[in-house]
Structures are given as structure tokens and as C-alpha cells.
Amino acid sequence: MHFTADYTETAELKDGLKVRLRLLTPEDKPLLAAGFAKLSAESRYARFLGAKTALEEHELTYLTEIDQHDHFALGAILEDPPVGLGIARFIRLPDGTSAEAAIVVSDEVQGRGLGRLLLLRLCAAAAERGIERFR
């Protein structure tokens, strides 16, 4: 399996920006909260389908304390200092072979290819875990 706990990948976006991809961990709560705070109201609405101004502690726990099998998430960060740029995740549905997927990309890097990159890696990780389709 390629997308394991030690997975890390350096990727270059269309404009040459280098980002590091890795799986989310519980230690990412502050990074996730900071990234969410920087999202525009439009981006928050597009991701959460409602007006949301902050992530509550229980939501941060739900989004970061995951098994990486049925609930999988990987993120893209800048290294120094660490800045979250995007997250792609899926949650397996009860049928076992389909999942709901979601991707969010920080406003400052939208249109630079990060969403596409995250989607491609999410699809590969899903296939490794027996997911045949996203819903």
C-alpha cells in the first residue's frame, strides 16, 4: 500500500510552488483551524454548504482523528513555516465500495493545480482501500 502513515510526497504546482503532501494526523488540529480561518466565506460555503465561521473542537477531532481506511484524509502544506494549503478526504459509505469525497483548497493557491493533484491522490488512495466510486 502506498498511502500509509509514513507517506510523504513533494509536488510542484503549475507555477513552481513546492508543497508537501501527507496524511492528516490528530496533531494537525491547529493547522486545520488556522487554514479554515483563512478561507473566504465563498470557499467555506462551497466546502461546508453553509455559512460557517469557525471549526469547533469536536469538529477538529472528527476531521483529524481518523482511521485512514474508512475515513481517509491527506493534506498539502508549505514546509517552513507550516501552512496548510488544502485537504482531500473521503468517508466510506455503508455499501463498502463507495464513499463521499470532499476537497478544499486555500484561496491563495486556487487555480494553480492543487485541487486536481489532491483529487488524483485521493482517487489512488481510495482504490487502494477498495473504494470503486465517489458519490
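Glutamate 12 counts as exposed, because its relative accessibility of 52% is over the 50% that the term requires. The model in which this value was computed is a predicted one, and this should be kept in mind throughout the report. The side chain of glutamate 12 meets that of lysine 18 in a salt bridge, with a distance of 3.9 Å from N to O, and lysine 18 likewise counts as exposed, at 53% relative accessibility. As a general point, side chains of opposite charge can pair when their charged atoms come close.

A search of the whole structure finds eleven salt bridges, and two others deserve a careful look. In one of them, the side chains of arginine 112 and aspartate 15 meet at 2.4 Å, N to O. Arginine 112 belongs to the loop between E5 and H4, whereas aspartate 15 belongs to the loop between E1 and E2, so this pair ties together parts that are 97 residues apart in sequence. Arginine 112 is partly exposed at 24% relative accessibility, and aspartate 15 is partly exposed at 45%.

In the other, glutamate 108 and lysine 38 meet through their side chains at 3.2 Å, N to O. Since glutamate 108 lies in the loop between E5 and H4 and lysine 38 lies in helix H1 (residues 29-38), the pair ties together parts that are 70 residues apart in sequence. Glutamate 108 is partly exposed, with a relative accessible area of 40%, and lysine 38 is partly exposed at 44%.

## The sheet

Six strands form an open sheet with mixed pairing, and their order is E1-E2-E3-E4-E5-E6. The edge strands, each of which pairs on one side only, are E1 and strand E6 (133-134).

Strand E1 (residues 8-12) pairs with E2 in the antiparallel sense over five bridges, and in this pairing leucine 21 of E2 is the bridge partner of glutamate 9. The hairpin of E1 and E2 has five residues between the strands, and in this hairpin glycine 16 takes a positive phi near 95°. E2 also pairs with E3, again in the antiparallel sense, over four bridges, and here arginine 22 stands opposite glycine 75 of E3. Further along, E4 and E5 run antiparallel and are joined by seven bridges, with valine 104 of E5 as the bridge partner of isoleucine 87.

In soluble globular proteins, nonpolar side chains tend to be buried together. The largest nonpolar core of this model has 23 residues, of which Val19, Leu21, Phe72, Leu74, Phe90, Leu114 and Leu118 touch the most other members. Two or more residues of this core come from each of strand E2 (18-23), strand E3 (71-78), E4, strand E5 (98-105) and helix H4 (114-128). Helix H4 gives the largest share, which is six residues.

Leucine 21 shows how such a member is surrounded: leaving aside neighbours within four places in sequence, leucine 21 is in contact with Tyr7, Thr8, Glu9, Leu74, Gly75, Ala76, Leu117, Leu118 and Arg121.

## A buried arginine

Which side chain of opposite charge is nearest to the buried arginine 89, and how far away is it? The nearest is aspartate 28, at 8.7 Å, and arginine 89 has no salt bridge; the distance is beyond the cut-off because a salt bridge requires a nitrogen and an oxygen within 4 Å.

Not counting residues up to four places away in sequence, arginine 89 touches several others, including Leu24, Ile66, Phe72, Ala73, Glu100 and Leu122.

Glutamine 68 sits in the loop between helix H3 (57-64) and E3. Is glutamine 68 buried or exposed? Its relative accessible area is 13%, so glutamine 68 counts as buried, a term that applies under 20%.

How values were computed: Residues numbered from 1 in each chain as written. Predicted model: local features only at pLDDT ≥ 70, side-chain atom pairs only at ≥ 80, totals over all residues. Heavy atoms only, no water. Buried < 20%, exposed > 50% of the residue type's maximum accessible area, 1.4 Å probe, protein only. Lys, Arg positive; Asp, Glu negative; His and termini not counted. Contact = heavy atoms within 4.5 Å. Core = buried A, V, L, I, M, F, W, Y, C linked by side-chain atoms within 4.5 Å. Pairing = 2+ DSSP bridges.
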